[in-house]
Amino acid sequence: MRNDAGTRMYDPWPEGVQPSVPIEGYTNTWTHTPSQTLYRRPVTRTEATGPADLWRKMHCGDSNLASSATGKLAQGALMLVSGRILDEDGRPIPNAIVELWQANAAGRYAHSLDNREAPLDPNFLGHGRVRSDENGGYAFLTIKPGAYPVPVKDTWWRPPHIHFSVLGPSSMSRLVTQMYFPGDPLNDWDRILHSVGDPAARDRLIAKQLHPAEVGVDHLGFHHDIVLRGRAATPEA
């Protein structure tokens, strides 16, 4: 990262960090991917410095996905997902808006477009939003999501994963990505994960499982840092 004329600038993503799209066998990447080369505009002060204080405008505090409004627990293995939001030089980004959404333990989303015959969980909506603290830290208490099949002719399954959206200090630092779980055999066949060509960048999409001695007996623990742009950026997904 560098400063030019008082404006915060970001280094470009290295080759292989961003996913190669559209992805064969995943319909949405064909319908949602531009067919022509993107036009690169000069970055002005508006893009580099705004929007400011989003946490004042967007409700934050939905960090507990595992317990419903009635106090009933969601079905599945409880887990705490935590980490830090960082810039490309490893500095913490406070007041970032961190949103999470995921499938339930049966691999089904609480959304009208997901009509698969897996069961819904009445005590699990599967989305939350928090603000990173002064050290860039965030945390969600949730349940481990299940895998689900991709309904195409050459069927494959999406491994357990969690979606993240992070809004940093400017529109240039907005990131939509996914987090995977270490050691899951379906990771090897996931076409979304392997659309990221650089193996080191793919590894940055996989969380680190914490030893039970660090976490305690109430839930599993996973640590996942998210880096906005630059040399060690977390890939989009």
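Two strands are taken to pair if DSSP finds at least two bridges between them; strands are DSSP runs (E, at least two residues) numbered from the N terminus. The model is predicted, so local features need pLDDT of at least 70 and side-chain atom pairs count only at pLDDT 80 or more, whereas totals for chains, interfaces and linings use all residues. Residues are numbered from 1 along each chain as its sequence is written, and side-chain values use heavy atoms, with hydrogens and water left out.

Strand β4 (residues 97-101) pairs with β9 in the antiparallel sense over 5 bridges, and Glu 99 stands opposite Ser 165 of β9. Strand β10 (residues 174-180) also runs antiparallel to β9, joined to it by 7 bridges; here Ser 165 stands opposite Val 176. In β9 (residues 161-167), 7 of 7 residues are buried (under 20% relative accessible area, 1.4 Å probe, protein chains only). His 161, His 163, Ser 165 and Leu 167 point one way from β9, and Ile 162, Phe 164 and Val 166 point the other way.

The structure holds 5 aromatic pairs (rings of Phe, Tyr and Trp, the last by its six-membered ring, with centres within 6.5 Å; planes under 30 degrees apart are stacked, over 60 edge-to-face, the rest tilted). The rings of Tyr 109 and Tyr 148 are edge-to-face, because their centres are 5.7 Å apart and their planes stand at 70 degrees. Tyr 109 lies in the loop between β4 and β5 (127-131) and Tyr 148 in β7 (residues 148-150), so the pair ties together parts 39 residues apart in sequence. Tyr 138 and Phe 140 form a tilted pair, at 6.2 Å centre to centre and 55 degrees between the planes. Ring pairs link Tyr 138, Phe 140 and Phe 164 into a cluster.

How values were computed
Buried means under 20% relative accessible area, exposed over 50%, partly exposed in between (1.4 Å probe, protein chains only). Helices (H or I, at least four residues) and strands (E, at least two) are DSSP runs, numbered from the N terminus.
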